[in-house]
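Hi,

Here is the structure I promised to pass on.

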Amino acid sequence: MSPVNASTTLVDSHCHLDFPDFDGRIAEIRSAMQENGVTHALCISVNLADFPKVLRLAEDYDNFYASVGIHPEQGPESAGVNTTVEELVSLARHPKVVAIGETGLDYHWHKDAPEWQRERFRLHIRAARASGKPLVVHTRDAAADTLRIMEEEGAGEVGGVMHCFTESVEVAQAAIRQNFYISFSGIVTFKNAAIVHEAARGVPLDRLLVETDSPYLAPVPYRGKINQPAYVRHVAEKVAELKGVSVDVVNSATSDNFRALFKL
Ligand code: NI
């Protein structure tokens, strides 16, 4: 792993360590985190069939946390996608479950913008409000509907994070006005991601998070490889460069924001 000049620690706010890519690799993943000063990781649920595996990671390791929810790419025919507000609230009662999601809208993979996505998103927001836990929101090619539904359902009451942010600085500001944080992934290290670079410059430090979205979206210099939480260092380094601040400033701001948002 290439060295990054920083003395401070940081946090991966979004990863999928339950995915098969990591089977039998957790010890190795954890020692790479430690070597790179990555102190905590939030393991994100994408459906209820796989949620027990996500929760087990959070139960087995002090510095892993879990979310509970159903990803908007998971169609009605997928396993573990039918739920209720009551079920999500009950699963979110576990002390290591710190968020509801990932939920949201994705019209990139579902170009017909199906009603079931919006209904399921509303259900997650209601569960977040009922449980008092923040939301992890995925939005792709659906920013206007995402912000509208957040507003209509009062998502700002619990707040949350717009994860793997790829929208404009205006969309970021609209989400911040609704009490949300903005999380950047390895995409911010890609040369052609001008809109994401501008968004990273525009998001204030006190609303900023960083993530890997492992196993996807490995940052430069690992682009195309299997991602892992240790690589969040490279995301923070790029965000610092774009904002013209030291990486230590980004590391400590994003660590503080992580603790504040997820009430740790
Ligand atoms: Ni994700």
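Setting aside neighbours within four places in sequence, Leu17 is in contact (heavy atoms within 4.5 Å) with Phe22, Ile26, Ile29, Cys43, Leu57, Phe64 and Pro229. Bear in mind that this is a predicted model, where local features need pLDDT of at least 70 and side-chain atom pairs count only at pLDDT 80 or more, while totals for chains, interfaces and linings use all residues. Residues are numbered from 1 along each chain as its sequence is written, and side-chain values use heavy atoms, with hydrogens and water left out.

Leu17 also turns up in the largest nonpolar core, which has 71 residues: Leu17, Leu135 and Phe184 touch the most other members. (A nonpolar core is a set of buried Ala, Val, Leu, Ile, Met, Phe, Trp, Tyr and Cys residues joined through side-chain atoms within 4.5 Å; buried means under 20% relative accessible area, with a 1.4 Å probe and protein chains only.) Helix H8 (residues 232–243) gives the most to this core, six residues. Helices (H or I, at least four residues) and strands (E, at least two) are DSSP runs, numbered from the N terminus. A second, separate core has 13 residues, including Val11, Ala99, Val136 and Leu261.

Now the sheet. Its eight strands form an open sheet in the order S1-S2-S3-S4-S5-S6-S7-S8, with parallel pairing; strands pair if DSSP finds at least two bridges between them. Strand S1 (10–15) and strand S8 (208–210) are the edges, each pairing on one side only. Further in, S2 (residues 38–43) and S3 (residues 64–68) pair over three bridges, and Ala41 has Phe64 as its bridge partner in S3.

Cheers

Note on methods. Buried < 20%, exposed > 50% of the residue type's maximum accessible area, 1.4 Å probe, protein only.
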